Amino acid sequence: MSTVPSAGNVEVFKARTNKWFAWLAWAVAAVGLVVTVASAGVAALPTTAPLLLLALLGWQFFWMPAVAVHDGGVTLENPFRSVLVPWAALVHVDTRYALTLVTAERSYAAWAAPAPGIWGGRNARPEDLHGLPDTSYGPGRSVRPGDLKTTDSGQAAQLVRTRWRDLVESGSLDTGHGAAAQVRPRWAAVAGDLLLLAASYWAVAAG
């Protein structure tokens, strides 16, 4: 279940490749279910727990993860937890390994926006280096591969930094309210994983 506010100025980033992986996982699970029922009948459905686990993981790790930028801050929808970082708590935006929101207490990485690594900048074009928020640039106007417009981390970081900059420049950044990150574990997803993992073990052992 998403914890992103449904009202307000919300911008959501999801990696396009993740959606393809999700559809692939669901397709494999669906084909496996059809083949199992066609060959062994409905009575064989209890043995399809591994396929159901694959479908759940496809949603949990590829379809659901997102970075949502909204009036209240930035929400990271990760596989096992949701993290809300209010604007007043945000100290720095990093993209070394993934889009990472840094607060005074700790850092929170976004599963949906991984950095491409050092090889990610090899195909960068000159236009990819221009028009970024000022905080994207390092010494000598250098740009880290994870900040490039063509990368998942770079696209998500641009959304965050642009909204953050606009709030600072407009003087509307509230530094006295809710200046602490809120972390909500996804207990339902964890329980589903454990249940289907146990069922998968039973199905394999029984077979």
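Visitor: How many of the 207 residues of the protein chain count as buried?

Guide: Of those 207 residues, 36% count as buried, meaning under 20% relative accessible area with a 1.4 Å probe and protein chains only. This is a predicted model, where local features need pLDDT of at least 70, side-chain atom pairs count only at pLDDT 80 or more, and totals for chains, interfaces and linings use all residues. Residues are numbered from 1 along each chain as its sequence is written, and side-chain values use heavy atoms, with hydrogens and water left out.

Visitor: Why is Trp111 called partly exposed?

Guide: Its relative accessible area is 41%. Partly exposed lies between the buried cut-off of under 20% and the exposed one of over 50%, so Trp111 is partly exposed.

Visitor: Which residues is Trp111 in contact with, leaving aside its neighbours within four places in sequence?

Guide: They are Phe61, Pro65, Asn78 and Pro79, where contact means heavy atoms within 4.5 Å.

Visitor: What makes helix 1 and helix 2 roughly antiparallel?

Guide: The axes of helix 1 (residues 16–40) and helix 2 (residues 49–63) cross at roughly 170 degrees. Angles over 145 degrees count as roughly antiparallel, so helix 1 and helix 2 are roughly antiparallel to each other. Phe61 of helix 2 is among the residues that make this contact.

Visitor: How do the residues of the contact of helix 1 with helix 2 divide?

Guide: They divide into 16 nonpolar, four polar and one charged. Ala, Val, Leu, Ile, Met, Phe, Trp, Tyr, Cys and Pro count as nonpolar, Asp, Glu, Lys and Arg as charged, and the others, Gly among them, as polar.

Conventions
Axes are lines fitted to C-alpha atoms, for helices over the stretch in contact, and angles run from 0 to 180 degrees between N-to-C directions. Helices (H or I, at least four residues) and strands (E, at least two) are DSSP runs, numbered from the N terminus. Angles under 35 degrees count as roughly parallel, over 145 as roughly antiparallel, 65 to 115 as roughly perpendicular and the rest as oblique.
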